[in-house]
Amino acid sequence: MKEGTYPDDDTLLAELGRVVDQVDPPPAGLAERVQFALALEDLDVEVARWERADAMAGVRSVDQGTITFTVSDLTVMINLTKVGMGHRIDGWLVPEGEYGVEVRVAGHGSSSTTADDGGRFVLDSVPRGTTQIVVYIDGASCRRTVVTPAVVL
Amino acid sequence: MTDARTAEADPPWEGLRGHDLYAACMHEARVGNRAAMNRLVTELTPLVWQVARGNGLDAHTAEDVVQTVWLALFRHLDRLTDARALAAWLITTTRREAQRVGKKPRSMPLTDELAEAVPSTQPAPEAEAVRVDRDRRLWQAFGELPQRCQELLRLTVLAGRAEYRLVAETLRMPHGSIGPTRSRCLKTMRDLLEAQGGSA
């Protein structure tokens with residue numbers, strides 16, 4: 001057999017399966033993060049996307065820096081600052097609004113605040129770990145809940 | 001005495017597999033049983049992942065899509081009455097979501113990922129080095145396949161495993177058979193592997 005060839009389709013598929021498992025398995029803890037994201041009281045939510053700059057590609061867990069999440073017409077930006085064992089989260093909602101903001105951390109319950117009229121909010125000493133931010137938009141015409149994916153912060 | 005059993009110790013889906021497992025979990029999930037939801041997530045996240053990656057999403061975006069798809073499932077669980085439709089629903093929804101968020105289809109830097117996954121800097125025994133090189137070529141050829149082929153082959157590999165036999169049904173793929181489209185994809189992959197030969 002010539003090196004690098006595969007005698008039949010079954011062999012080729014089996015080898016492909018092995019390589020996919022090795023190179024591209026579901027990330028460790030993905031199912032657990034999904035389960036954490038699902039542990040919301042009300043699942044009638046919109047999920048925002050984590051907008052990553054190209055420079056961030058390949059970095060899922062960030063210690064410090066700004067992270068942007070977007071969904072349709074709302075942008076949630078957060079800036080993380082390491083403080084002791086946790087983070088301070090400085091956040092900004094665009095468009096601005098005095099919306100409720102909840103930060104859930106796996107194994108640590110959640111902390112809540114309300115954004116000011118400029119859309120800014122601050123949460124001190126948020127524990128590190130699998131984190132999800134929930135924004136409760138209570139507008140005149142609609143009530144919506146926007147969540148970020150559960151991410152490791 | 002039968003009342004003594006608790007949901008935690010002995011969930012209604014205990015020992016079930018395939019459709020029966022999904023049906024039992026979906027039934028429990030509809031009445032708010034979190035453990036049932038978690039069981040489905042554990043069971044089928046690999047499927048959702050493979051579809052997301054097979055549609056050209058990078059790993060980070062794929063992870064977001066996986067979370068979105070699961071939230072969507074449990075939000076709309078009452079609309080999905082047949083457990084037999086679950087795998088198909090997950091595949092279709094993941095595909096649609098991947099198309100929605102995917103910016104431009106581009107080939108992923110697959111060879112780099114493999115390079116990271118295998119310890120190539122270590123001096124390896126010759127047989128090991130040959131295998132690693134073969135794997136690298138295989139992964140590269142796979143990454144050059146049309147998106148449709150990549151998804152199909154990922155699902156084919158998954159469906160070949162006992163716990164994902166349902167995926168085979170969803171793909172209408174009799175056990176042990178390779179459909180015409182899959183054959184063409186594999187043929188293309190062989191051609192790509194062949195073409196690499198020159199640069200060896």
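Are B:C149 and B:C185 buried or exposed? B:C149 is buried, and B:C185 is buried too. Here buried means under 20% relative accessible area, exposed over 50%, and partly exposed in between (1.4 Å probe, protein chains only). The model is predicted: local features need pLDDT of at least 70, side-chain atom pairs count only at pLDDT 80 or more, and totals for chains, interfaces and linings use all residues. Residues are numbered from 1 along each chain as its sequence is written, chains are lettered from A and ligands numbered from 1 in the order in which they are written, and side-chain values use heavy atoms, with hydrogens and water left out.

The two cysteines are linked. B:C149 and B:C185 form a disulfide, with 2.1 Å between their sulfur atoms. The criterion is a pair of cysteine sulfur atoms within 2.5 Å. By this rule there is one disulfide over all chains. The link of B:C149 and B:C185 is left-handed, at -80 degrees about the S-S bond. B:C149 lies in helix α7 of chain B and B:C185 in helix α9 of chain B, so the pair ties together parts 36 residues apart in sequence. Helices (H or I, at least four residues) and strands (E, at least two) are DSSP runs, numbered from the N terminus. Another cysteine, B:C25, is also buried, with a relative accessible area of 0%.

Chain B meets chain A through 46 residues, which are in contact with 50 residues of chain A. Contact means heavy atoms within 4.5 Å. The area buried between the chains is about 4300 Å², and carbon and sulfur atoms give 59% of it. Buried area is the accessible area (1.4 Å probe) that two parts lose on being put together, summed over both. B:H60, B:L71 and B:R134 supply 16% of the area that chain B buries against chain A, more than any other three residues.

The rule finds seven salt bridges across this interface. Each requires a side-chain nitrogen of Lys or Arg within 4 Å of a carboxyl oxygen of Asp or Glu. The side chains of A:D9 and B:R190 meet in a salt bridge at 3.3 Å, N to O. Among the helices of chain B that each supply at least two residues of the side touching chain A are α2 (34–54), α3 (59–75) and α9 (180–196). The largest share, eleven residues, comes from α3(B).

B:Q67 lies in helix α3 of chain B. At 2% relative accessibility, B:Q67 is buried. Beyond its neighbours within four places in sequence, B:Q67 is in contact with A:R33, A:V34, A:A37, A:P149 and A:A150.
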